[in-house]
Amino acid sequence: MTLKRTHLTGYVLIIIQTILIILTALTFLSDRYEAKWHDYLNDQTSYSIYLNNIPTDKKDEVIDYLTSEAEKDNFLLLKKDNIENSFSLGVAGNSSKIEDNFAFYGHSILQSNSLTKLLHSNNENATLGLGRGSIDQLTSIYKFPFSDQVVIYKLDKFNRLDKTISGKYQLVGLSSNRTYNSIIKHLAKITALGRSDFTSARSGSAQDNTLTTGFLIAGILVTSLGIFAYFFIYLLSSLKEFGTLVLLGWSKKTILYERFKPFLKFTIFWGIISSIVLSIYFGRISFLVLFILFFILAALINIIILTFIYLVASLLIISLKNISLIKGHYPKAILYSFITMFYLLISGVLLTVSIYIDGPAKSIVANTQQAMQWHKVEKMAILNKFEPGEDGVQAFGDPSSSLYQDTLNFYKNIADKDGVYYISSFYGSKDWLANGALYKKMPTKPFTILTASPNYLKKIKFPLSSSALQKAKRGIRVFYLPDTYSAIKQKNFKIFLKDLSTDGIQKNDIQTTFSKKQQIAIKTYHPDKNIFLWNNDSTEPANGKAPIIDILTPANMTYETIGNIQSSGLENPLKFQSEKVAKQVLNTKRLQKYHLDDNKLTYTTVSNYIDGEQKSLWETITLFAIVLFFLIGILCLLIIVLAMAYKTINQQQIAVKKFLGFNFRQIYGLPLSLIAITSLIEMIIILIARSKIGILIILITFLVELIVFYIYISRGQFSDIINQFKED
């Protein structure tokens with residue numbers, strides 16, 4: 001296929017539009033895929049229970065009861081919600097009586113008995129599909145391009161991530177109305193709520209997945225306008241050739257078809273190639289045929305759209321009389337009106353997009369900062385398994401058990417070793433504060449407490465005084481408050497922090513100096529740098545300049561800080577500088593000495609717990625970057641087309657002005673004024689809308705327009721293009 005230089009701009013626009021239309025078809029498939037997951041197992045249940053306004057002290061009892069009933073009566077307890085940029089499902093109970101396989105257009109995604117495998121897993125963080133990290137993934141679930149990751153958790157883990165037990169619970173596989181009514185009756189008895197509280201929805205959730213589709217459709221509209229402008233100037237520059245051919249007996253329809261034929265052939269060729277390439281890139285082997293069929297259909301739609309655009313652009317030629325074609329007369333009034341309206345329309349689209357993406361951009365910037373912070377610690381090691389061992393599962397929740405004593409002794413032995421850190425954080429969010437007066441002198445604004453061992457605080461260069469360190473080693477809980485707190489605020493926080501750190505301590509707990517004396521001390525520090533807070537929740541701050549610092553030593557630990565070491569994953573506060581350090585510390589001899597060899601402590605890198613979130617985040621950032629570059633790229637092409645139109649219409653006037661010594665601004669004052677005034681109006685609107693990202697986009701766009709316009713005009717490229725148009 002021969003590609004003429006005069007056709008290159010048109011071919012580039014066709015390439016972009018073909019890809020956009022194919023990607024739009026892909027989002028259609030993605031929506032169907034997500035919708036089917038939303039309906040997963042709906043056909044196998046007729047009963048649902050809604051948990052609304054459950055009293056705080058009854059939440060655990062309610063969930064435990066529902067789980068036990070599901071196991072006893074052989075049905076599956078299922079909850080669905082959108083959590084952390086994924087469509088998540090929580091399951092509990094028994095799945096032996098249900099068909100749990102999942103297929104899409106005849107292709108298997110989830111095998112039978114996968115839910116049983118999850119429910120029987122000893123790993124409380126186990127998932128089907130990629131959750132926070134691949135380390136817990138039992139089996140993968142295909143992530144459709146442009147769709148949310150689907151993750152299935154155990155119900156307890158699901159509710160912890162969702163931070164609420166409220167919502168709809170489907171009783172999949174239950175067929176007895178009598179059993180259902182009995183469950184409702186018992187729940188009402190536990191909570192002292194009415195039957196209607198469990199049989200009707202009081203809340204719900206929804207997720208807006210239109211951002212990607214909106215970008216693609218906006219891109220198609222902008223590209224279509226670009227193609228229309230290109231065809232318009234392409235035909236406009238050939239008026240004299242049209243006149244010559246008309247004199248030779250050619251009809252307008254024949255001429256227009258011959259001019260369109262190269263673009264039609266290229267569109268068909270590129271549609272087939274891009275359909276195959278994108279199908280291979282996006283689809284796994286089993287989906288290859290499905291993707292190719294949908295993409296070829298999208299390519300056919302693209303041909304229809306291109307043909308329609310060309311017909312509309314041809315109306316000017318069709319409407320002109322033969323004598324006008326022969327003389328090459330340009331209808332300037334119509335052309336100037338078209339150019340102005342067209343430019344304003346494109347600018348308006350860009351302005352709208354600039355304002356629209358401000359919100360998502362802020363979220364992406366925040367998530368990017370969080371990802372960069374996690375990247376710095378991704379090579380550190382963390383406990384990923386702490387099994388019950390001979391002590392049994394019940395020992396995990398018993399602060400008086402020998403397991404707690406062994407854990408404390410073990411930590412005492414390793415606490416001061418290089419590269420061994422105790423790090424955890426607590427974020428008192430608005431929702432947590434809204435729960436009411438949990439403690440005396442509750443804070444009024446969200447706050448973060450970073451609990452860390454002295455060696456970690458030294459590692460991050462926190463100004464830890466020797467007196468504070470000595471107090472912590474003697475069993476006093478030392479808290480550093482920012483010196484920006486007022487005296488009254490410091491006094492209130494001291495009361496609050498003592499209540500918080502001593503809450504739940506009992507006499508039969510494994511004893512430390514702090515649990516016996518329960519003394520705390522307050523110090524202040526001057527916040528002058530960001531501190532990484534180890535929060536892996538996108539709704540919580542990744543960094544903070546003024547967190548409350550809690551110095552932790554073996555002497556001032558409580559049942560809670562000891563028990564946390566027995567957890568697994570990112571929630572576990574015991575962290576190591578590297579896998580090498582972890583291997584040295586968790587050696588068999590030491591574990592045997594402290595009776596933890598049967599608990600099978602294992603470790604892995606932090607990266608294995610955050611790779612799922614990192615992957616999702618970088619996909620979003622990449623998509624955003626592509627969209628922005630695409631919009632600016634389209635604008636560059638449109639400026640070239642508009643400059644070509646102005647140059648074509650005013651060839652003689654421009655030549656005369658150049659001969660008379662007019663400067664660049666004097667010759668091209670009209671288009672430059674149009675660009676400047678439009679950009680000024682856009683900037684005013686952006687400032688009113690308070691769109692920070694919009695200000696940046698408009699400034700960049702304005703500079704790009706001026707640079708592109710100047711380069712193409714000053715280098716005389718338009719004259720070459722027009723001459724080649726005439727030679728075609």
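**Salt bridges and a nonpolar patch**

K72 is exposed, with a relative accessibility of 57%. This is a predicted model, and K72 is a handy way into its charged pairs: its partner is E69, and the closest N and O atoms of this salt bridge lie 3.1 Å apart. In total, the structure holds four salt bridges.

**E69 and K72, in one helix**
- Both residues belong to helix α2 (residues 59-72), and because they sit three residues apart there, about one helical turn separates them.
- E69 counts as buried, because its relative accessibility is 10% and the cut-off for buried is under 20%.

**E61 and K58**
- E61 and K58 also pair up through their side chains, with 3.9 Å from N to O.
- E61 comes out as partly exposed, at 38% relative accessibility.
- K58 is partly exposed too, with a relative accessible area of 26%.

**D550 and R477, a link between strands**
- D550 makes a salt bridge with R477, and here the closest N and O atoms are 2.9 Å apart.
- This pair ties together distant parts of the chain, 73 residues apart: D550 sits in strand β17 (residues 548-551) and R477 in strand β13 (residues 477-482).
- Both D550 and R477 are buried.

**The nonpolar patch**
- Four isoleucines, I268, I272, I276 and I280, make up a nonpolar patch on the surface, and together they have about 350 Å² of accessible area.
- One of them, I272, lies in helix α9 (residues 252-282).
- I272 is classed as partly exposed, since its relative accessibility is 45%.

How values were computed:
Residues are numbered from 1 along each chain as its sequence is written. This is a predicted model: local features need pLDDT of at least 70, side-chain atom pairs count only at pLDDT 80 or more; totals for chains, interfaces and linings use all residues. Side-chain values use heavy atoms; hydrogens and water are left out. Patches are made of residues with over 30% relative accessible area and no salt bridge: like charges are joined within 9 Å, nonpolar side chains (Val, Leu, Ile, Met, Phe, Trp, Tyr) within 5 Å. Accessible areas come from the Shrake-Rupley method with a 1.4 Å probe; for residues, only the protein chains shown count as cover. Helices (H or I, at least four residues) and strands (E, at least two) are DSSP runs, numbered from the N terminus. Buried means under 20% relative accessible area, exposed over 50%, partly exposed in between (1.4 Å probe, protein chains only).
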